[in-house]
Amino acid sequence: MDEGTWHRLEAAVAARRGALVALTQDLIRIPTLNPPGRNYRDICDYLAARLAANGFGVELIRAHGAPADSDTYPRWNLVARHEGTGPGECVHFNGHHDVVEVGHGWSVDPFGGEVKDGRVYGRGACDMKGGLAAAVIAAEAFVETCPDYCGAVEISATADEESGGYGGVAYLAERGWFDPARVQHVIIPEPLNKHRICLGHRGVWWAEIETKGRIAHGSMPFLGDCAVRHMGAVLAEMEETLFPLLAGKRTDMPVVPEGARNSTLNINAIHGGEPEQDPDYTGLPVPCVPDRCRITIDRRFLIEEDIAEVKAEVHTMLERVKARRPGFDYEIHELFEVLPTMAERDAPVVTAVAAAIERVLGRVPDFVVSPGTYDQKHIDRIGRLKNCIAYGPGVLDLAHQPDEWVGIDDMVDSSRVMALTLGELLLR
Ligand SMILES: [Zn+2]
């Protein structure tokens, strides 16, 4: 790509600053709340009409039969594609269109799209309607400025990332939309910040551990067997052996924040004995020895770890408790797992975005890895496409918070980076 083309591309994005803000506002004003999955069709229709008017072929895909898909809350996705004039590779921008619940503590209308002090406010502003808008503007600016490019530009707006992506990217990936034969580069504009390239994420294993006991009257606990005390022994053993073991494991993945470079384990929940009553229940509890106690664990693991080893550590720990504790019995129910993924530093999409960041921001990018997963997992595992990163405007810490916002300058800069990336990959 020659110098003149860079400047024309950057100018084309800069000229669309007002359009970028307006698009972000319009997307925020469609409350695509998940759960339950509201207005998915509306946001897909809105983007489809816009992109079709700009020369993209559009397809709406409902994830029939996916978790949570119903006629009341259908899981709609949009894929838009623009073809260049010659054969070449396809660059795909993927943004999820769903947003999480509003929660409390807002000082602005969460679906108002208010602009204040150089920011656009609203639920989903940074996670990730601002990023999706930046990608749309970059793609529109590119195809208009460089109509004779080689290959194709795709944009997808997908459902349900916040609840696992099964009605969105996973559904599309299973049906070949991310097959390396049709898509060669994927950029997910999650809010990782305009100077950062996110190469991938750690792995996840969720499981439920249940200890078993025997119910009896609470006044004669010796006639029963308390599952909560058994779980207490599990928790003590975890503190003694498992947490120190995990704290000693450190990754070479550039995970941010720093604390997530170790293996981690969270206990998401603990339940045992009589269920919690509704807040308006005025009676007393009943005296029973709990015969079941459950915890849900959320283990995040590193690319250097094997998932079989991750599971074996927990089994071994429980067996140690069992060996020394009379009457101890347990079960493990596995709930969910995702393997770690990380694009290579010299993958084509990585070097193209890095070059564009250097040009636009005048600095080398930071390469990071996310502590939690996002839709890259499906593109890697189901789509078998490794050449995938997250890159987009916004500050991840603001995601899911009250008064969520995205900076307008940041959106424009990252949109410039995305347009130049298209130039790097599709102009010869
Ligand atoms: Zn997101």
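What percentage of the 428 residues in the chain is buried? In this predicted model, buried residues account for 47% of the chain. The secondary structure consists of 10 helices and 16 strands. The radius of gyration of the chain is 24 Å, close to the 22 Å that the globule rule gives for 428 residues, so the chain is as compact as a globular protein of that length. Along its principal axes, the C-alpha trace spans about 85 × 45 × 40 Å. The contacts within the chain can also be described by separation in sequence: among those between residues at least 6 apart, 81% join residues at least 24 apart.

One pair of helices may now be considered in detail. Two packed helices are described by the angle between their axes and by the distance between those axes. Helix α1 comprises residues 3-14 and helix α4 comprises residues 125-145. Their axes lie 9 Å apart, and the helices pack at an angle of about 130°. An angle over 145 degrees would count as roughly antiparallel, and one of 65 to 115 as roughly perpendicular; α1 and α4 are therefore oblique to each other. The crossing in which α1 passes α4 is right-handed.

Which residues make this contact? From α1 come Arg8, Leu9, Ala12 and Val13, while α4 contributes Ile137, Ala138, Ala141, Phe142, Glu144 and Thr145. Sorted by class, the contact of α1 with α4 has 7 nonpolar residues, 1 polar residue and 2 charged residues.

Terms used: Residues are numbered from 1 along each chain as its sequence is written. This is a predicted model: local features need pLDDT of at least 70, side-chain atom pairs count only at pLDDT 80 or more; totals for chains, interfaces and linings use all residues. Axes are lines fitted to C-alpha atoms, for helices over the stretch in contact, and angles run from 0 to 180 degrees between N-to-C directions. Helices (H or I, at least four residues) and strands (E, at least two) are DSSP runs, numbered from the N terminus. Angles under 35 degrees count as roughly parallel, over 145 as roughly antiparallel, 65 to 115 as roughly perpendicular and the rest as oblique. A crossing is left-handed if the near helix is turned anticlockwise from the far one by less than a right angle, and right-handed if clockwise. Two residues are in contact if their C-beta atoms, placed from the backbone, lie within 7 Å. Ala, Val, Leu, Ile, Met, Phe, Trp, Tyr, Cys and Pro count as nonpolar, Asp, Glu, Lys and Arg as charged, and the others, Gly among them, as polar. The radius of gyration is taken over C-alpha atoms; the globule rule is 2.2 Å times the number of residues to the power 0.38. A residue is buried if 20 or more other C-beta atoms lie within 10 Å of its own, exposed if 12 or fewer, and partly exposed in between; C-beta atoms are placed from the backbone.
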